[in-house]
Amino acid sequence: MRVPFTRVAARSAVDSARSSLAALTVSVGTVGLAAAAARPGLLALVDQHAAAVRDSLDGDRRPLTTAALAGYAEGVRTAALEHGWTLPSGPVDWSEPEWLLTRLLAVCALARSLDRA
């Protein structure tokens, strides 16, 4: 039995998107979401950013997908890197996180909600 190339390519794209979001979760999401669970102000900020991400991906009209979230996060990171941003090398101060980390954390929160659906 032969599997059509389009199905293989689609599966590879989904696997790549999942891998990208998993790496983001390891670098930012796990610690950040734990901090948000303990800090209501941070949680509210993450929720606001998640709503903005959802809006930019037309999440009200189309279901969010792993691929869309991974692509969004990659675009945000690429733009930030082009402007000289680097991922923090040490622990992040989640009491006053920078915009970019909060946005990426929101992507992690949305990805987590997809996993639960």
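Author: Contact here means heavy atoms within 4.5 Å. By that rule Val-53 touches Leu-69, Tyr-72, Arg-103, Val-107 and Leu-110, not counting residues up to four places away in sequence. This is a predicted model, where local features need pLDDT of at least 70, side-chain atom pairs count only at pLDDT 80 or more, and totals for chains, interfaces and linings use all residues. Residues are numbered from 1 along each chain as its sequence is written, and side-chain values use heavy atoms, with hydrogens and water left out.

Reader: How do you know that Arg-103 has no salt bridge?

Author: A salt bridge needs a side-chain nitrogen of Lys or Arg within 4 Å of a carboxyl oxygen of Asp or Glu. For Arg-103, the nearest side chain of opposite charge is Asp-55, 8.8 Å away, so there's no salt bridge. Yet Arg-103 is buried (under 20% relative accessible area, 1.4 Å probe, protein chains only).

Reader: What does Arg-103 contact instead, leaving aside its neighbours within four places in sequence?

Author: His-49, Ala-52, Val-53 and Tyr-72. Arg-103 itself sits in helix H4, residues 99–116 (helices are DSSP runs of H or I, at least four residues, numbered from the N terminus).

Reader: What makes the buried residues of H2 lie on the same side?

Author: Leu-42, Val-46, His-49, Ala-50 and Val-53 are the buried ones. They cover an arc of only 105 degrees around the axis, so they share one side of H2; the arc is taken from the directions from the helix axis to the C-beta atoms.

Reader: And which exposed residues does the face turned away carry?

Author: Pro-40, Gly-41 and Gln-48, where exposed means over 50%.

Terms used. Helix = DSSP H or I, 4+ residues; strand = E, 2+ residues; numbered from the N terminus. Lys, Arg positive; Asp, Glu negative; His and termini not counted.
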